[in-house]
Structure formats: structure tokens, C-alpha cells
Amino acid sequence: MTLWRIRATVDDRPGFLSVLTASLALKAVNILAVQVHTTEAGAVDDFLVDAPHTMTEADLRTAVERGRGRDSWIAPAEAEGLADQPTRALGLAARLVRDPDALGDALRALLDADEVTWRPDSPTRAGMRADAMALPDPTGGRYDVRRVAPEFTPAEYARAQALVDVAATASTDAATLLLPDGAEVVLRPALPDDLAALLAMHERCSPGTRGRRYVKVPEPAQLARLLDPARVRTLLATVPGITSAHTVVAMANLVVEGSLAELAVVVEDGWQRRGIGTALVRRALARAERLGCAAVLAHTGVDNPGMERTLRRLGHAVPVQRDGAVASVTVPLRDQASRT
């Protein structure tokens, strides 16, 4: 048996859906899931079916047409489609509660979209057409969603808007990151008042950790400049519920000059290899995209492959350029790209 997805429009009249399902059953097609989308043209029925291996797309289309279905769209399906739509949507909503920055990926998964593009300007009017949607980003800008086929339905647009609402509710300047061992850290923008905690973190870091981040350990005045939002976008990982002198455990700095941003990360020794650096890098790359940067540059020591591993983990296969003791990686950002 082979999995297929079938969409077809039928007249929204009693018994017509039964006629279509009976026509498929006559061809030994087993319906595993069905969704009904109400449109002005009629009811759009979306089936996940299991059909005999010998059946082709043309055979399925003929069965649909004999069952009074029209404007059919038929394509092979993957096993992932066996999860019903409410379960899928709830799972994506739960992901957004943990990570509001993942809205672009969540929309792509919810809608099986071909392309989700973030743009810095807000839509003059949110809406949809057959192959595209415009959805406001709760934190600014908009998402353009495109899918060649099947055509979007009002029900799908409503689901996408609901997912945006979840992200808007969860999207604040701070986000809680649950670590694999159950500990929690809060990722948030840095404030000038964080200087004392930042100095304390650097003092707790080993010489090796500081050496991989800095050629020379910065003085307090230099660290203070990293907390000036007019100069640098700095993100911190903080531990809630403890004294301020120990609250900062990691920092990522994004210095933007023109279309290029330079990224640097330092994670306190006891908090390394727990996913904090990866989370900070991902949020920093998303912020660089929002700012319209064409690329992000990161420098590190040749004996520190951590940044390269992190970027690979995030899906960026970038070459490393080595110059003496310094290794550099440049991450190109797709113009007006989807956030990840």
C-alpha cells in the first residue's frame, strides 16, 4: 500500500461526501484521515489515504471524479502525515511557547509551505490568496507564506493566524530555555545594570574560556560598552532565583556594521555543552536577519571548533578560514530570509 494526499471540492450538500468516499472504497482505497475546509466554492475535503501499490495518480483522480469531486490535487504523502491535524497544531503551539522565535518554522510545518519569508515591513493588510498568505510578525515585520499547491483555504489561514497569536502571547524580550538536565536559564537582552554580574561571570571563567573569546580580557569599561544597545546587541543567559552576582552564565554579542554583523559568544565553564551557546547563536542569527544583515562573521581560536559545530547543528554548513591562530566563519543570511 502507498500513502497519498487527496484534496477535492464537493458540493456542500447532504450525502456528497459519502459518494466520494464510496468511490474511493470501490478501488480499495483506505481513508486514514479526513479534514473538511468550508469555502465559497464548496467543501474542500482533504484526505490522507492508503492505496494499493498498483494505483497511480491518474487512477485516484478518476475515482475522485466519479465520486463527484472536482478540482482535485493529489500527491504522495509521508508517514508524518499520519499525525492528525489537531495534534500537529498543538505540538507546534507548544514549541512556540518554549521558543517564540521559531514562528517561521512552525508556519512552514503547519501549512506544508514551499517558502516562508520574513520581511522587515509590516503588511498593509494581512490576508491570503490561493498561493500566498501575509501574516504579521508579533515582534515586527511580516511573514510571506507561499505554496504552489494545493491552494490555501480559509481554514488554513485561520489556523495560521491562531499560531501567530500563540507566538504573540509567548513572545517577550525574555525566553526560558529548558536544558537537557532539567535546569532552566532565561535568555534576554542585556541591560546596563548587568555589568556587575557580567564581570563576576568573567572572573569565574577559566583562562582557557576567556582566551577563546578574547585576545585580551576586557576591562570593566570595555564590558560596559557591550551593554550599550546603541553600539552592540548583547544577549545574556541568566539563572533565575539566585543572587545577581551569579545570575549571568553566558553572553552573545552582535556588532553590526553596515550589512555585516560580527558575532562572539562566551559561556561559563560549568554551563558549557548544555545547549546554551547554541540557543544564543540561533537567536543572534535571527536578530541579524531582522536587522537586514547579509552575513554574520565569527572569529575564534583554531583550537576551538565549538562555533563551527554550533553552526553545523543549526544547519549552516560554512567553510572555516584559518589565519595563524585565528579561525573565521562567515554565515551568509538569505535576503529577507525566514527566521530559524
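Within the protein chain, 66% of the contacts with a separation of 6 or more are between residues 24 or more positions apart. Keep in mind as you look around that this is a predicted model.

**Start with the whole chain.** Show the C-alpha trace: along its principal axes the protein chain spans about 80 × 40 × 40 Å. In cartoon view you can pick out ten helices and 16 strands.

The protein chain exposes about 17,100 Å², and 53% of that comes from carbon and sulfur atoms. Of its 340 residues, 46% count as buried.

**Colour by charge.** You will find 40 positive and 43 negative side chains in the protein chain. The centres of these two sets lie 2 Å apart.

**Now select the four-stranded sheet.** This open sheet runs in the order β2-β3-β1-β4, with antiparallel pairing. Strands β2 (30-39) and β4 (70-76) stand at the edges with a single partner strand each, so one side of each has no neighbour in the sheet. From one strand to the next, the twist averages 15 degrees.

**Select residues 2-10.** This is strand β1, joined to β4 by five bridges, and the two run antiparallel. Which residue of β4 is the bridge partner of R5? Click on A75 to see that partner.

**Finish with residues 16-26.** Here is helix α1, which packs on the sheet and touches β1, β2 and β3 (42-51). Compare directions in the viewer: that of helix α1 makes about 20 degrees with that of β3.

Technical notes
Residues are numbered from 1 along each chain as its sequence is written. This is a predicted model: local features need pLDDT of at least 70, side-chain atom pairs count only at pLDDT 80 or more; totals for chains, interfaces and linings use all residues. Side-chain values use heavy atoms; hydrogens and water are left out. Buried means under 20% relative accessible area, exposed over 50%, partly exposed in between (1.4 Å probe, protein chains only). Contact means heavy atoms within 4.5 Å. Accessible areas come from the Shrake-Rupley method with a 1.4 Å probe; for residues, only the protein chains shown count as cover. Lys and Arg count as positive and Asp and Glu as negative; His and the chain ends are not counted. The place of a charge is taken as NZ of Lys, CZ of Arg, CG of Asp or CD of Glu. Two strands pair if DSSP finds at least two bridges between them. Axes are lines fitted to C-alpha atoms, for helices over the stretch in contact, and angles run from 0 to 180 degrees between N-to-C directions.
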